[in-house]
Amino acid sequence: MAKVYEFLANGFEDIEALAPVDVLRRGGLDVKTVSVSGDLMVSSAHGVQVKADMLFEDVNFDDADLLLIPGGMPGAKNIDEHDGVRRALVAHAANEKLIGAICAGPMVLGHLGLLRGKKATCYPGFEDQLDGAVYTAAPFTIDGNIITGKGPGATLAYAYALLGQFKGERVVEELKKGMMYN
């Protein structure tokens with residue numbers, strides 16, 4: 001079973017964090033939310049309190065198949081400033097494993113140089129943070145081991161694209177049907 005870790009920092013965008021977790025778990029992936037705040041309770045950009053599955057300092061990311069960065073401000077900025085997350089992302093990318101980021105989240109990858117020469121999307125206004133990427137403005141973009149999403153309205157399309165990397169189009173289409181997604 002594929003192993004997924006999603007980073008949660010105070011100020012994360014609610015739908016961009018929780019909908020991919022929901023879709024990937026429905027699709028049969030082992031998804032764990034990881035607080036980078038030093039506390040299991042993490043507050044969203046809209047004041048929703050979420051209890052993460054684990055603390056960053058308690059996780060070994062060597063078994064990860066996919067690392068996820070939700071958007072939201074200041075959540076994405078808080079993730080960008082977390083040295084441990086930055087090291088985990090660089091190591092994960094060096095092993096050519098999958099990384100997903102949505103909305104403001106792709107700026108973290110841009111600041112690390114992980115988007116150079118790749119196509120990527122993000123929330124409008126963050127394009128200049130993608131450092132060397134070709135901006136697509138698409139709801140989601142897949143380029144090699146990097147999957148990016150545009151923003152809140154694109155969250156389900158992005159989540160289904162993530163699931164498709166592991167389960168294929170047939171499973172994704174069945175899940176879309178069950179979730180009444182056109």
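Trainee: Which strands does helix α3 lie across, and at what angle does helix α3 run to β6?
Mentor: Please note first that this is a predicted model, in which local features need pLDDT of at least 70 and side-chain atom pairs count only at pLDDT 80 or more, while totals for chains, interfaces and linings use all residues. Residues are numbered from 1 along each chain as its sequence is written, and side-chain values use heavy atoms, with hydrogens and water left out. Helices (H or I, at least four residues) and strands (E, at least two) are DSSP runs, numbered from the N terminus. Axes are lines fitted to C-alpha atoms, for helices over the stretch in contact, and angles run from 0 to 180 degrees between N-to-C directions. Here, helix α3 (residues 83-94) lies across β1 (3-8), β6 and β7, and runs at about 140° to β6.

Trainee: In what order do the strands of the open sheet lie?
Mentor: Strands of a sheet pair through backbone hydrogen bonds, either parallel or antiparallel. Two strands count as paired if DSSP finds at least two bridges between them. In this model, 7 strands form an open sheet in the order β5-β2-β1-β6-β7-β11-β10, with mixed pairing. Its edge strands, β5 and β10 (140-143), each pair on one side only.

Trainee: How many bridges does β6 form with β7, and how many with β1?
Mentor: Strand β6 (residues 66-69) pairs with strand β7 (residues 98-102) in the parallel sense over 4 bridges. The pairing of β1 with β6 is also parallel, over 3 bridges. Individual residues can be followed across these pairings: Leu-66 has Leu-98 in β7 as its bridge partner, and Ile-69 has Ala-101 in β7.

Trainee: Which way do the residues of β6 point, and are they buried or exposed?
Mentor: Buried means under 20% relative accessible area, exposed over 50%, and partly exposed in between (1.4 Å probe, protein chains only). Leu-66 and Leu-68 point one way from β6, Leu-67 and Ile-69 point the other way, and all are buried. For contrast in class, take Val-90, which is located in helix α3: Val-90 is partly exposed, at 39% relative accessible area.

Trainee: How do the axes of α1 and α5 cross?
Mentor: Angles under 35 degrees count as roughly parallel, over 145 as roughly antiparallel, 65 to 115 as roughly perpendicular and the rest as oblique. The axes of α1 and α5 come within 8 Å and cross at roughly 5°; the two helices are therefore roughly parallel to each other.

Trainee: Which classes of residue make up the contact of α1 with α5?
Mentor: Nonpolar residues are Ala, Val, Leu, Ile, Met, Phe, Trp, Tyr, Cys and Pro; charged ones are Asp, Glu, Lys and Arg; the others, Gly among them, are polar. The contact of α1 with α5 has 12 nonpolar, 1 polar and 2 charged residues. Contact means heavy atoms within 4.5 Å. Among the residues that meet are Ile-15, Val-23 and Arg-26 in α1, and Tyr-160, Leu-163 and Leu-175 in α5.

Trainee: What does Leu-175 touch?
Mentor: Leu-175 lies in helix α5 (residues 155-178) and is buried, with a relative accessible area of 14%. Not counting residues up to four places away in sequence, Leu-175 touches Val-23, Arg-26, Gly-27, Tyr-160 and Leu-163.

Trainee: How many salt bridges does the structure hold?
Mentor: A salt bridge is a side-chain nitrogen of Lys or Arg within 4 Å of a carboxyl oxygen of Asp or Glu. The structure holds 9 salt bridges. One of them joins Arg-26 to Asp-22, with the closest N and O atoms 2.6 Å apart. Both residues lie in helix α1 (residues 14-26), 4 residues apart, about one turn of the helix. Arg-26 is exposed, at 51%, whereas Asp-22 is partly exposed, at 31%.

Trainee: Which parts does the salt bridge of Asp-53 with Arg-25 tie together?
Mentor: In this salt bridge the closest N and O atoms of Asp-53 and Arg-25 are 3.0 Å apart. Asp-53 lies in the loop between β4 (49-51) and β5 (54-55) and Arg-25 in helix α1, so the pair ties together parts that are 28 residues apart in sequence.
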